[in-house]
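Here is a friendly note to read alongside the picture. Take the points one by one and find each place as you go.

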Amino acid sequence: MIFFLLHAQVWGQEKIAPDTLPTRDLGELVVTATRQQESILKAPVSVEKLNVQAIQQSAQPGFFEAIQNLKGVQVITPSLGFRVINARGFAHTTNVRFVQLVDGVDNQAPHIGAPIANSLGPNDLDILSVEIIPGSASALYGMNAINGIAHFITKNPFDFPGISINQKIGVNNINSPDSESTPFYETNLRIAETWNAKWGLKINGTWMQGTDWHANNQQDLNPLTNSTTGLSADQNPGADRVNQYGDEASNRRTLTLDGIRYVVSRTGYAEKEVADYGLKNLKGDVTLFFRPKNHLEISYTFRAAHQNNIYQRTNRFRFEDYRTQQHALTFQSPKIQFRTYLTQENTGDSYNIRSMAENIDRSFKTDNQWFSDFSRHYLEASGIGMGVTDAMNLARSLADQGRILPNTPEMAAKIEELRSINNWDIGAALRVQARLFHAEYQQDISSWLLPRNFDFQVMYGLDYRTYIIVPDGNYFINPAEPGENLNYWKTGGFIQATKTFWQDRFKVNAVLRLDKYLYFEPRLNPRLAAVYTPSPQQSFRFSVQSGYRFPSIFEGFSNINSGGRKRIGGLPIMSAGIFENSFTQASITQYQRAVQSDVNTNGLDLAEAIRRNEGLLAKTDYSYLEPEQATSLEGGYRTELLGGKFALDADLYLNRFRNLIAQLDANVPKTSNSDSIGNYFLQNSTQDLYRLWTNSKTVSLNYGGSLGLSYNFFKGFWLGGNFTYARLSRQTRGDGLEDGFNTPEWIYNLSLGNPNLYKSLGFQVNFRQQAGFLWESALATGWVQGYSTLDAQLTMGIFKNLGSVKFGATNALNRYYYSFLGGPAIGGFYYTSLTFGL
């Protein structure tokens, strides 16, 4: 069954000419690469652009989803309402290495340090273009844009006045093993008006409602933990299933039963049993423009969003009544730009899904009582001759008697109770309030220095940013000043010079940026780039740059007890004394398995096994956080041939990463007696478990490239494709930290379309495929299978092209896949979109 999505556009000035094709015109202008308007052909670094026509003709329901078709871009999907953009490796569900701007304004959630997809961004009716730099943009933007930047540019009311409305209707979860088919609705509105050619007003609104994809991956992440007992992987009583919570390391114990040491985990709950998958996003923005004279504009924008959604970082979260708002004031003239904005965040009634599952389990029976009951019931069953597997299953069933059952009034009441308790030892609430204040100034001083005909441009910029976090006592604390807000500020500036030679055929661009963050010494971010344009249809580009990423609020200041393991920020203010006294979890796990093997297989008694293997325990030799650094070399080529019918864009890059920020599991024994450390590292209950933010000691090389082609070959038919390659190559090994490259080695897209197949009828088909890859994160580590998807759309103008209707499907064959480990299974999405404009 296919539902149809109604997609409307403001026509008139926005109307697409009959011969317009969704190809990239090398005469297009971009602003993101140098903060100044320039031809995309002469941009000094790789820039990918989606214009209005390409967005309208894409097979995806909206502009944000269409970004995944661009070359060099990777998109992962933690939720139907939460997609994450990345480029060139080191992806994560909270991608603090990639920046999103809306008209120059960072739309990140302050405490997260990264955007929550497009929840606070523009809607489909107001988007003019998308510009993406897939690679470091730190020299110009700082702000940790070490992997890239996405810039969403909206329409102003002077060029695009009118009223437009867009209604989308869709369906997903078709043939899902975990859900009935579910409807999806989205309404978009845009109103834009001007007065006296000086005043303008723009109002946008979006209401979205649906049901998320379900995350119910039951793969065991710990299949070999009982391999020395003779139990097979599918009989494992210590299983740690991906989307089952309450069975992780802190919920497992080693029990000696009939002389054999077994690792046993508590039962836990599946995500779908403790999380609501309903989606809602209500957002809007109002902008007032004033143009006192030509080329001078002052604007004020207010944005606000309210959402219910599934969100993922180290754990999965249910965002409920999650609120963000933003105030932005901008002044623009040909020489000067000034911008300041304030973003506010309130997590509302959100909760941690893992803590919810763990504490529902513990609310009916403590860990001590449950494991005691399990042991007793197992020994009773074994004593009457029952086999190991049957005795294990019976012991679990009897130990779970009285457990709160899913989908019952008792479960609903318990979820309501725990979501209001802001302590993850006993509850699950996420209660964070945060603010971000930013101000920046940019000025072109070329005319001050040299005559206009010298083809030399110089500009500089200054910025200041501060994060303000209200400590909640659970997620954040302020150990230096208890009760006071946490403040984390940075300041910086850049200077950029551009010189052209040989009748504008050769351009050199140099940028030097200096950033100073609280707790860190100043760091320099330089970039040197050159562009050679031998003809108006082709260019060669080369750049070398260095960029830094400073720790985010979460990485520096977190103080969370999550599933029995406390996650501690890597700044000395948070983790003093822990690094110095901790042992690595990797060595502890190796030690525990060796002791288990010696007892179970070699017949040693426990004390002898401890003495024999204590030497495996290793002290932590990592330390407090430092900024991570990337040095990048990039070359590229763009051309347009055959009278503009054929376009090619290619790039190659090499990145060198040092001090990558990562997480280290390390434990401190609950004793100061070094002679008894071996005993204390046998059980989690006799250790303090930490996950520490620190820096990898590995120096990594990341290299790759991308190729994009498009060909307008016959009566409006358009064929396009792109291929992206990314590879991590380590220079040193044995680091022991998750490197989190989390990127397919290759991705390719193929597209075929014609926007005017017959009169106003057009279509586009897109096939996308990517390789499997290793996903490494604190939630789950394992192999993600490669997948392919087929997307398609049919569009036609209606009512004399005052509106349009679009019928489409993403993953049209409905073959469910995972875009990463721990996330949902993604199936087909079938939609219709209807649009009208006045």
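1. An α-helix has 3.6 residues a turn, so residues three or four places apart point the same way. Arg376 and Asp373 form a salt bridge, with 3.2 Å between the closest N and O atoms. A salt bridge here is a side-chain nitrogen of Lys or Arg within 4 Å of a carboxyl oxygen of Asp or Glu.

2. Before going on, please keep in mind that this is a predicted model: local features need pLDDT of at least 70, side-chain atom pairs count only at pLDDT 80 or more, and totals for chains, interfaces and linings use all residues. Residues are numbered from 1 along each chain as its sequence is written, and side-chain values use heavy atoms, with hydrogens and water left out.

3. How covered are the two partners of that first pair? Asp373 is buried, with a relative accessible area of 7%, whereas Arg376, at 41%, is partly exposed. For these words, buried means under 20% relative accessible area, exposed over 50%, and partly exposed in between (1.4 Å probe, protein chains only).

4. By the salt-bridge rule the count comes to 49. One of them joins the side chains of Arg431 and Asp349, at 3.8 Å from N to O. Arg431 sits in the loop between helix H8 (409-418) and strand E23 (433-444), and Asp349 in the loop between strand E21 (336-346) and strand E22 (351-352), so the pair ties together parts that are 82 residues apart in sequence. Arg431 is partly exposed at 24% relative accessibility, and Asp349 is partly exposed at 35%. The helix and strand names come from DSSP runs, numbered from the N terminus: helices are H or I with at least four residues, strands are E with at least two.

5. Another pair is Asp649 with Arg541, whose closest N and O atoms are 3.2 Å apart. Asp649 belongs to strand E33 (residues 646-658) and Arg541 to strand E28, so parts 108 residues apart in sequence are tied together. Asp649 is buried at 1% relative accessibility, and Arg541 is buried at 4%. Salt bridges with shared partners link Glu48, Lys71, Arg88, Arg541, Glu634, Arg638, Asp649 and Asp651 into one network.

6. Now follow E28 (residues 538-549) to its strand partners. With strand E27 (residues 523-535) it pairs in the antiparallel sense over seven bridges, and the two form a hairpin with two residues between them. Ser535 stands opposite Gln538 of E28. E28 also pairs with strand E32 (residues 628-641), again antiparallel, over twelve bridges; there Phe540 faces Tyr637. Two strands count as paired if DSSP finds at least two bridges between them.

7. Which strands make up the open sheet with mixed pairing? There are five, in the order E29-E30-E35-E34-E31. The edge strands, E29 (559-562) and E31 (583-584), each pair on one side only. Within this sheet, E30 (residues 565-568) and E35 (residues 687-695) run parallel and are joined by four bridges. Lys566 has Tyr690 of E35 as its bridge partner.

8. Helix H5 (residues 353-364) is worth a look. Nine of its twelve residues are buried, so H5 is largely enclosed by the rest of the structure.

9. In helix H7, the buried residues are Ala391, Met392, Ala395, Arg396 and Ala399. Seen down the axis of H7, they fall within an arc of 135 degrees, so they line one face of the helix. The arc is taken from the directions from the helix axis to the C-beta atoms.

10. Finally, is Leu838 buried or exposed? At 79% relative accessibility, Leu838 counts as exposed. Leu838 lies in the segment after strand E46 (829-837).
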